[in-house]
Amino acid sequence: MTSKAERYREIVETLSVHGFGFAVGAAGLAGRFPFRRGLPGHEQGRVYSQPEHLRLALEQLGPTFVKIGQILSTRPDLLSPRYTAELAKLQDDVAPVPTQAILDAVAEEVGDPKIFERFDRAPLAAASIGQVHAAELAGTEVVVKVRRPGAAETVSTDLEILQKLAEQARRHSEFARDHDLVGIAREFGRTLSNELDYLQEAHNAERFATNFAEDPDVHIPAVRWETTTSRVLTLERITGTKIDDVAALDAAGLDRRELAVRASQVLCKMVFDDGFFHADPHPGNFFVEPDGRLGIIDFGMVGELSDDLREHLVALMVYLVRGDVEGTADAMAALAGNPDGVDKAALREDVRPLVGRFAGLSIADLALSELITQILTLLRRHRLRMPTDLALLFKMLLMAEGLGQRLDPEFQLATVLGPYAERLVAPRLGLDALGRRLGQFAEDLLKAGLEAPEGLRALATVLQRGGFDVHLRTAELQEVVREADRIGNRIVAGVIAAALINGVGQIVANNAGRWQPWQGPLVAAGAGTLGALGAYLARASVRGRGRRRP
């Protein structure tokens, strides 16, 4: 197995070959490893774009990085459309593991593989983490998904290296700090770790089955728990026509327009009714079964909307259709967790054209793709990173609209989404909403009134015990001391001047004859001393005003 040092070198070299040497420098790795040229990456004579080089680099670096690229393709808040479109091309097809190695893994997890009456040796699919075989279990057709031997160890090593690289980049690069690369690496690590655990996917499948238990038109495959572990997942097999196979659908006499609406309604129910949705609705995961049911598979990538996230999303929609620029900007910042350093004034100015474009429209009339694209552009511009589940939601909605338009070129997802979204928005609008807000205001006011006497009693107690302690920081205290010193010097000088005037006057007045010969020198000395003290006081006063004016 490759050592960590060798893996570090491989990552550095691959990034450098594909023109991402700046990332090596940002991580503080430049010069740490000898660079060997000649790595494969591009055809001689062809000019590749930077997004293409990124895809090639990730493919070269193997399964973990391919998965990370696929995750990045779902994050349009982090990367521009050029990059997400290119990374969406990443294929997870790899050479299959020998069937005997798969059977050995099954034996380690569930006992004798002969528990399956049939286990097809040729895989249905082979990916970097798992391999899928058709089989028969207790007279039922099933699919068995088995984690490839060594996949968990490889992913774990790569994730550890990525986390360290992100931490090094944070120390060396302002860009890495501004974009929270450490947080992004940690987030991707959690996502990949979940994909390694097939028990999580099994629980996701069961949750979808529960949510659609009352819908006879949706088929979620049953989990066969007797042969399911963290490394092996066994599901009922679903067969039918891929939902984007237009020719086969037409040959079967199916109404593609109706199918587009039905599939979109299923996804909208997941989002707005259940708050738990399939985050990868590409055509390979949706089938039209012979009996007309919509069969859904692959539950490794899912999203979940918390109550807070749903509330922020609803607030954004409400402010947008109302034409409230400030409210829309605040809602966008809230979606990103209100991070420090956001220029709210600049965000409001950038939001203004967006609000002008969509204000006054009903939700059903919104151009959804355009709206999501503009929101994502603003988030990237202001370095606002969305929660993972919200990014998955936006990506799912865009994929759903694309799928619907593949079935019906005139399809608009917003017309299906509108009634679901308006049910969520309605409580925030109208007289009922106003009544609730007034009630909440009255409740807050009453609470403040009830708490006021307690606050006054606490204040009285503090005063009775000797009052407040005032704490000054060292820098503030030094300035106070300097000012007191200047004032003290002026007071002393003034006292001396007054004493001198008084003393000379009394001496001369009490014994004028005796001091007659000295009257001239005494007056001259007194006048000189008073002049010097006066000049000092005047200069000190001017300097004091100069210091205070800034």
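Guide: We will go through cavities, then the nonpolar cores, then one serine. This is a predicted model, with local features needing pLDDT of at least 70, side-chain atom pairs counting only at pLDDT 80 or more, and totals for chains, interfaces and linings using all residues. Residues are numbered from 1 along each chain as its sequence is written, and side-chain values use heavy atoms, leaving out hydrogens and water.

Visitor: How many cavities of 30 Å³ or more does the search find?

Guide: Rolling a probe the size of a water molecule over the atoms shows where empty space is left. Here the search finds three cavities of that volume (on a 1 Å grid over the protein atoms alone, points where a 1.4 Å probe fits but cannot get out).

Visitor: Which residues have the most contacts inside the largest nonpolar core?

Guide: In soluble globular proteins, nonpolar side chains tend to be buried together. In this core of 108 residues, they are Ile243, Phe277 and Leu393. A core joins buried Ala, Val, Leu, Ile, Met, Phe, Trp, Tyr and Cys residues through side-chain atoms within 4.5 Å, where buried means under 20% relative accessible area (1.4 Å probe, protein chains only).

Visitor: Is Ser264 buried or exposed?

Guide: Ser264 counts as buried because its relative accessibility is 3%. Its side chain reaches the backbone oxygen of Ala260 at 2.9 Å.

Definitions and conventions. 1 Å grid on protein atoms, 1.4 Å probe; cavity = no way out; pocket = protein on both sides within 12 Å on 5 of 7 lines; lining within 4 Å. Points joined across faces, edges and corners; volume = space filled by probe spheres on them. Buried < 20%, exposed > 50% of the residue type's maximum accessible area, 1.4 Å probe, protein only. Polar contact = N/O pair within 3.5 Å; in protein donor to acceptor, adjacent residues only side chain to side chain.
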